[in-house]
Amino acid sequence: MKRLAWPAGILAALLLVNLIFTDHFFQIEIKEGHLYGSLIDIFRFGAPLILVALGMTLVIATKGIDLSVGSVVAISGAMACLQISTLPSQDSIGGVLGAIGVALALAVALGVGNGFLVAIVGIQPIIATLILMVAGRGLAQLITDGQIITINSDPYKLIGGGYWLTLPFGIIIVAVVLALIAFVTRRLALGLLIESVGGNAEASRLSGIRSHGLLIVVYAFCALCAGIAGLMISSNVSSADGNNAGLWIELDAILAVVIGGTSLAGGRFSLGGTVLGALIIQTLTTTIYSIGVPPETTLLFKALVVTIVCLLQSPAFRAKVFRSRRKPAPPTVPAGEKVTVRT
Amino acid sequence: MAEAILRMTGIGKEFPGVRALDGVDFRLLPGEVHALMGENGAGKSTLIKVLTGVYSIDSGEIELAGNRVAFAGPLEAQKAGISTVYQEVNLCRNLSVAENVFIGREPRKFGRIDWREMRRRTSDLLRQLDLPIDVAKPLSHYSLAIQQMVAIARAIDIDARVLILDEPTSSLDAGEVAQLFRVMRRLKEQGIAILFVSHFLDQIYEIADRMTILRNGRLVGEYVTAELPQVELVGKMIGRELAELERLDERPPARTSDTLVEASELGGRVAPFSLTIREGEVVGLAGLLGSGRTEIARLLFGADHAATGTLRIGGDQVTLRTPRAAMARGVAFCSENRREEGLVPELTVRENLILALQARRGWSRPVPRKKQDELVAKYIKALNIRPDNPEMLIRNLSGGNQQKVLLARWLILEPRLLILDEPTRGIDVGAKAEIQKLVVELSDGGMAVLFISAELDEVLRLSHKVAVLRDRRLVAELPNDDTLTTDVLMETIASGGAK
Amino acid sequence: MKTLALPRQLPGRLPRNYLPVLVTGALFIAMFTAGGIRYEGFATGQIILNVFIDNAFLLVVAVGMTFVILTGGIDLSVGSVVALTTMIAASLLPSTPSFLVILLVLAIGGVLGAAMGAIIHYFEIQPFIVTLAGMFLARGLCYTIGTDSIPITDPTFTAIAQTRIDLAPELWISPTVLIALAVVLVATYTLHYTRLGRNVYAVGGNEQSALLMGLPVARTKIAVYTVSGLCSALGGLLLSFYMLSGYGLHAVGMELDAIAAVVIGGTLLTGGSGYLLGTVLGVLVLGLIQTVISFEGTLSSWWTKIVIGLLLLVFILLQRLIVTTGVSRER
């Protein structure tokens with residue numbers, strides 16, 4: 001697909017830089033039945049971001065945004081660890097599954113809350129999800145009682161740090177979720193309905209789409225993705241930190257979506273693009289480490305990337321900078337019409 | 001007769017594929033209210049936009065008080081003394097009345113805004129317009145009518161010589177209209193030239209001294225209101241459809257099939273009306289733009305909520321809260337506002353085509369791709385959609401082809417009642433004839449059609465009976481027999497059904 | 001949507017716009033009274049003054065944020081600009097005269113803000129994204145300067161940090177409070193008695209209309225982001241006085257506190273309505289929540305965030321109610 005060409009190009013360029021600066025970058029080896037290598041690590045450490053970004057993609061496709069995913073990451077990790085820490089045996093698989101269930105149910109409930117505020121109450125998405133972004137951190141600390149809950153559970157450790165069939169388990173989870181989303185949106189019809197609501201909400205309503213329910217489902221799903229990411233992150237370090245888990249992941253996720261070619265104005269979305277976008281961000285971090293640039297400058301690179309991507313996406317920028325001598329087309333929106341939107 | 005303050009000569013304006021204005025002459029005298037008349041697409045709004053500098057002109061010239069002018073935007077026009085007040089009022093409702101009159105040129109004392117002086121001057125100004133209101137309150141506190149008058153006050157105080165009122169009355173009640181007219185008369189006395197656009201004929205005949213009529217981007221003529229009977233006005237606005245279209249069969253025989261839809265005293269944004277539609281019957285809605293045609297359609301489709309009355313579909317009494325509920329009852333509605341209520345521009349022809357069907361099936365039961373391709377191929381062929389590439393983005397199609405895709409979106413559902421709101425507007429003659437033929441075929445197949453069009457010939461040719469609307473009121477229901485002609489329809493619209 | 005009809009006018013000739021400010025004021029008084037009853041040594045003037053002292057920098061930043069939000073925008077970069085300011089100040093102070101440092105950081109803040117404003121306006125990119133990039137940029141610059149905390153030993157800075165201004169026996173404030181209050185006064189004057197201020201409200205009320213009324217929309221939008229950048233830099237200076245250090249991790253998440261203070265102060269996030277007095281009250285409420293929680297002892301600090309989130313929810317719903325009833329009147 002043409003739309004994926006240039007994020008793929010950026011990723012390739014980043015990998016190329018690594019090839020030059022790092023020995024054995026593309027080397028993948030099997031040790032003790034597990035796959036190892038820099039490329040595997042990019043996937044492994046990038047897995048939570050990919051998940052959150054996938055959920056965010058659907059939200060953004062509906063013309064929305066979800067700022068609360070970082071908080072949901074922290075809450076779900078905290079809830080799972082709290083449940084496990086109270087188990088008589090932390091290695092009990094049933095107990096761990098129960099804990100995961102409780103954590104994910106909580107995440108979904110929070111997502112439904114976001115969806116309710118956006119769809120039913122009619123609050124702008126950025127504001128509606130800001131509430132949970134602020135309160136959620138407190139909620140996560142409330143769950144952990146302000147401590148960092150440390151657990152020692154082998155089954156739980158599997159989610160973020162374990163291997164299965166030689167592959168890191170996190171990659172398997174991402175693959176399963178990606179396959180699921182791709183199935184539901186592209187094989188089933190959810191994707192079309194989402195793109196339609198994001199592209200023209202009124203036309204969608206008049207075509208009989210139940211946009212309220214759809215929005216709630218999308219926000220709930222986004223929170224579910226964040227919840228799973230939260231499990232991965234806490235499992236990887238075998239502890240839950242209400243304060244720092246998933247800090248700023250919402251911004252990285254939005255960035256990944258935008259880099260992947262899904263417009264913040266809603267409508268068409270690209271799951272593949274989002275995965276590429278998340279991988280670019282993760283590779284950028286890895287690259288900066290590996291070529292010896294101080295890791296602190298990652299943020300500078302990100303600032304640069306956001307600016308360039310957004311400028312390129314802005315029609316006003318393209319019109320002003322790549323101005324051609326064509327006769328300007330008549331405005332399709334009559335001057336008076338824009339005004340009615342806001343009262 | 002006084003010298004014209006504004007004179008537009010030979011104005012031409014072309015958009016890709018459309019000649020919006022073609023050699024139009026227009027003049028405005030000081031101290032008159034001049035109505036600009038015409039149906040959709042006649043070129044009224046283009047003329048206003050050309051005048052106020054929103055668009056540039058391709059040919060012709062504009063003279064203001066004897067000087068040739070060309071404005072780069074509404075702001076420049078305003079500075080030269082041409083102010084426009086739109087229906088939706090371009091003011092800031094969050095600010096006080098006084099600020100809305102003075103913002104950008106607030107009186108200042110020692111460098112700070114002199115609020116007291118600003119309020120005093122606003123009060124004085126509004127009192128001259130018979131509007132003694134508290135000017136310290138936010139504009140949003142007041143009704144739309146008062147907001148419009150505040151906009152007018154701002155325009156006057158900036159020294160407007162020409163005031164354009166673009167459909168100011170569409171959302172006002174009778175009392176508010178009277179108040180607005182009082183203000184307009186007072187301004188007239190002060191020598192201000194007022195260009196007035198309204199779809200309400202009564203209002204035109206009450207307030208306008210003269211009028212200019214446009215049709216299809218051309219000037220029909222300039223008339224003194226008192227000398228032009230209403231029926232002639234309607235005739236001049238609507239015109240006659242020339243023999244461009246192949247004649248369809250003689251008028252269809254009246255239907256005697258079962259009643260499908262029965263609305264009784266149903267009302268909302270239109271006055272309560274009663275209307276029955278039989279199975280296989282084509283009911284035409286005739287009336288000028290803004291007469292309530294679309295409002296009736298939206299009520300029957302559940303897009304708006306009914307405030308009064310009852311609705312029966314297929315014998316069951318129903319309350320339609322959402323379009324979805326109407327669809328479940330077999331009602332389909334193809335909106336006149338393609339861009340905002342029809343197209344999802346970023347989706348392909350195929351996706352737009354199956355959207356309503358998919359919405360009905362829900363997210364979990366996709367229309368199988370093979371079925372999609374069959375349906376799409378069938379309707380592309382049946383409706384002659386060009387180009388015939390289903391994977392093209394719909395925004396790249398021409399207006400007529402977009403319209404056919406939207407029509408197909410509803411036909412796929414095989415509705416029992418199909419509401420078509422201006423399905424032939426702004427599309428080429430060939431596509432128009434195809435859509436008309438389709439309506440006849442659908443009706444023969446047993447589908448009821450509510451057909452809305454500004455073109456009376458078209459309504460007459462297709463309908464079994466015609467409901468006539470005027471000023472948001474259903475004024476007559478006429479069987480389409482030999483006695484019904486476009487003249488009779490025009491007469492009915494002009495007289496409001498009172499013969 | 002079913003909503004309760006709000007009275008069009010409150011008793012005592014107060015327009016509906018003041019309602020959120022009143023609610024916030026009442027909330028502050030109620031919290032203070034309840035605290036006074038519940039805890040010994042709470043109901044003193046110094047408690048309120050301490051809230052000012054501890055939150056002077058937040059107050060200044062929130063003032064800048066109020067300008068931005070009044071135009072319907074948002075500025076996510078403020079916390080990072082605060083941190084960047086402390087960092088630049090701390091790293092330059094040993095070798096540069098303090099007044100030069102102060103001028104320099106203020107200039108940097110202003111230029112950053114103006115640049116973001118220009119991008120937002122001329123390239124029509126959402127403020128959220130542009131200021132997000134600004135946030136990354138400023139934090140990134142902090143870390144490029146240094147990753148560790150840099151102590152400030154400059155005599156001017158330490159003098160300001162240690163000065164106590166006695167108002168009455170047992171009542172004192174710091175110079176930073178005076179600076180913050182001066183900022184509030186200047187900003188209030190600007191918003192209510194200058195054309196720039198009124199244009200801010202007009203742009204927030206309806207940008208398209210403002211344009212058609214001939215107001216300098218571009219200048220106004222760039223100006224508010226410049227003001228916000230300046231306020232963030234000044235807030236950063238106040239924070240350096242308070243902390244006597246520069247650190248890249250200072251003021252993490254401060255943008256949320258500033259936005260919360262503005263919203264709780266009754267300013268509409270969609271723009272066009274709100275008062276600086278509300279923002280001051282918003283900051284005070286946030287500060288008082290922390291004070292109450294520290295007095296409570298058994299309550300933990302994370303309750304602050306939960307309470308702030310709940311307050312946000314309540315105030316956003318209240319705003320929604322006001323807007324809905326306002327609109328329904330016009331239809």
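Predicted model: local features only at pLDDT ≥ 70, side-chain atom pairs only at ≥ 80, totals over all residues.
Local features are taken up at pLDDT of at least 70 and side-chain atom pairs at pLDDT 80 or more, while totals for chains, interfaces and linings use all residues. Residues are numbered from 1 along each chain as its sequence is written, chains are lettered from A in the order in which they are written, and side-chain values use heavy atoms, with hydrogens and water left out.

Helices (H or I, at least four residues) and strands (E, at least two) are DSSP runs, numbered from the N terminus; two strands count as paired if DSSP finds at least two bridges between them. In chain B, four strands make an open sheet in the order β14-β13-β16-β17, with antiparallel pairing. Strands β14 (273-278) and β17 (316-318) of chain B sit at the edges with a single partner strand each, so each has one side without a neighbour in the sheet. From one strand to the next, the twist averages 20°. Five bridges hold β13 (residues 259-267) and β16 (residues 308-313) of chain B together in the antiparallel sense, and S264(B) has T310(B) in β16(B) as its bridge partner. Helix α9 (residues 293-300) of chain B packs on this sheet, touching β13, β14 and β16 of chain B, and its direction makes about 115° with that of β13(B). Axes here are lines fitted to C-alpha atoms, for helices over the stretch in contact, and angles run from 0 to 180 degrees between N-to-C directions; contact means heavy atoms within 4.5 Å.

Elsewhere in chain B, β1 (residues 6-15) runs antiparallel to β4 (residues 59-64), with five bridges between them; T9(B) stands opposite E61(B) in β4(B). Three bridges then link β4(B) to β5(B), again antiparallel, with L64(B) partnered by N67(B) in β5(B). The hairpin of these two strands has two residues between them, and there A65(B) takes a positive phi near 50°.

Beyond four places in sequence, its contacts include L51(B), L64(B), A77(B) and I82(B).

Over in chain A, T283(A) belongs to helix α12 (residues 271-290) and is buried too, at 1% relative accessibility. A polar atom of its side chain lies 2.5 Å from the backbone oxygen of L279(A). Further off in sequence, T283(A) touches residues including L11(A), N18(A) and I42(A).

Notes
Buried < 20%, exposed > 50% of the residue type's maximum accessible area, 1.4 Å probe, protein only. Polar contact = N/O pair within 3.5 Å; in protein donor to acceptor, adjacent residues only side chain to side chain.
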